[in-house]
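Trainee: Before I go through the chains, please take me through this model one question at a time.

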Amino acid sequence: MALKLWASSAANALRISCSGARTPFPAFSISRCFSSVIDGLKYTSSHEWVKHEGSVATIGITDHAQGHLGEVVFVELPESGVAVAKGGSFGAVESVKATSDVNSPVSGEVIEVNPKLTETPGLINSSPYEDGWMIKVKPSDPSELNSLMGSKEYTKLCEEEDAH
Amino acid sequence: MRLQRSLEACKFGIINYFDALKLQERLVSDRKSGKILDAILSLQHPPTYTLGKRQTDHNLLVSEADLKTMGAELHYTERGGDITFHGPRQAILYPIVSLRDIGFGARNYVEGLESVMIEVASFYGVNAHAGKTGETGVWVGDRKIGAIGVRISSGITSHGLAFNIDPDLRYFKHIVPCGIPDKGVTSLKRETEMELPPDEVIHEQLIHCFAKVFRFSDIQWKKQ
């Protein structure tokens, strides 16, 4: 228990943020406290992230989410042109005999879908914020992003969930 | 301080797969909106083959017409996992729980379901274990005694586990179970040397173990 508290405050102090280089995922449970959270992205309480650049919102699931899922073996994604709604499901990831719905943080139209995920669904585990991106959406209402969490809030949510 | 968390356990007899699916969908929706607390359905199915989200029907070795002749149904579902068979004398548990409230992620949840079946098998002197990576489920040696296929929608689980008490194992010959060739299936009846109690007792044991593994403080029993 003490170790977990130490790890948690260390992670908090460090606010581990990675710019692409993935460190190998440790096998033991305190590794959850080291789930990376990237500054500059927005987050949902259901563990999706969104990167807003101009008129494009790129969406995926977070490091915390992929860690809790286990190895992703299959990803179901929508087609381009499909409409998504904030909080609504746009697809699913399958890991370890469990399929989990993934929800869109924003409403809009899907303009691009990551083609690599069919062949290499594990990209979601190895690179959740970069190569493992899932869809790109043209937001219909960019103000929806304002109600999402920033990296500080999201880190706190992860800690609270893991402290169960 | 431990929060009091109740589990509502609903016991059914043999119910049709489609009816059970509709019931689960309703319960998931009610759980999502907070209308109900965590629940678990305990039942058995008539002979039914089911496929998961990946629709791996290449693992079905007979035609759909042949299935009808056998008196079995085929269903495509949204759960994880590959093809499997459900039938009478196979205990099915469908927990409808909020993963966030129980403090589990998908992987731990599946591991928890495995441990429930392993523990109940041990009551009958059967030494079962979880599979290697990629072979989820519960095994006795290299024979599968329990299968898992779960769906998680907005953090609420549905589908669940299937534990072979004494189903007709010949039905498994028509599929590559869970997409894993060269491994057999087995049942509690085959593996134990003890006399088995009525199925209802085993269903209740599974529910008690589930409540223990997932840290529920009490069970409210409901018979349908």
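**Contacts, burial and the interface**

Trainee: Leaving aside neighbours within four places in sequence, which residues is K53(B) in contact with?
Mentor: Contact means heavy atoms within 4.5 Å. This is a predicted model, in which local features need pLDDT of at least 70 and side-chain atom pairs count only at pLDDT 80 or more, while totals for chains, interfaces and linings use all residues; side-chain values use heavy atoms, without hydrogens and water. Residues are numbered from 1 along each chain as its sequence is written, with chains lettered from A and ligands numbered from 1 in the order in which they are written. On that basis, the partners of K53(B) are F74(A), E76(A), A92(A), T99(A), T77(B), E78(B) and R79(B).

Trainee: Is K53(B) buried or exposed?
Mentor: K53(B) sits in the loop between β3 (48-51) and α2 (64-70) of chain B. Helices (H or I, at least four residues) and strands (E, at least two) are DSSP runs, numbered from the N terminus. Buried means under 20% relative accessible area, exposed over 50%, and partly exposed in between, with a 1.4 Å probe and protein chains only. Because its relative accessible area is 8%, K53(B) is buried.

Trainee: Which residues of chain B does K97(A) contact, apart from its neighbours within four places in sequence?
Mentor: K97(A) lies in the loop between β6 and β7 of chain A, and it counts as buried because its relative accessibility is 9%. An unreviewed UniProt entry annotates K97(A) as "modified residue: N6-lipoyllysine"; such positions are given in the numbering used here, feature names are shortened, and annotations may be inferred rather than shown by experiment. The contacts of K97(A) are G80(B), G81(B), T136(B), K144(B), I148(B), G149(B), V150(B) and C178(B).

Trainee: How far apart are the end C-alpha atoms of residues 56-138 of chain A?
Mentor: The unreviewed UniProt entry marks residues 56-138 of chain A as "domain: Lipoyl-binding". Over that stretch the chain is 18% helix and 43% strand. The distance between its end C-alpha atoms is 5 Å.

Trainee: How much area do chain A and chain B bury between them?
Mentor: In residue terms, 23 residues of chain A are in contact with 27 residues of chain B. Buried area is the accessible area (1.4 Å probe) that two parts lose on being put together, summed over both. Carbon and sulfur atoms carry 46% of the total, which is about 1900 Å².

Trainee: How many residues does β7(A) give to the side of chain A that touches chain B?
Mentor: The rule finds four salt bridges across the interface of chain A and chain B, a salt bridge being a side-chain nitrogen of Lys or Arg within 4 Å of a carboxyl oxygen of Asp or Glu. The side chains of E161(A) and R100(B) form a salt bridge at 3.1 Å, N to O. The elements giving two or more residues to the side of chain A that touches chain B are α2 (63-69), β4 (72-76), β6 (89-95) and β7 (98-103) of chain A. The largest share comes from β7(A), with five residues.

Trainee: Which residues does G87(B) touch, not counting those up to four places away in sequence?
Mentor: G87(B) is in the loop between β5 (84-86) and β6 (90-96) of chain B, and it counts as buried because its relative accessibility is 0%. G87(B) and A162(B) are 75 residues apart in sequence and 9.6 Å apart in space, C-alpha to C-alpha. The residues that G87(B) touches are H45(B), P46(B) and P47(B).
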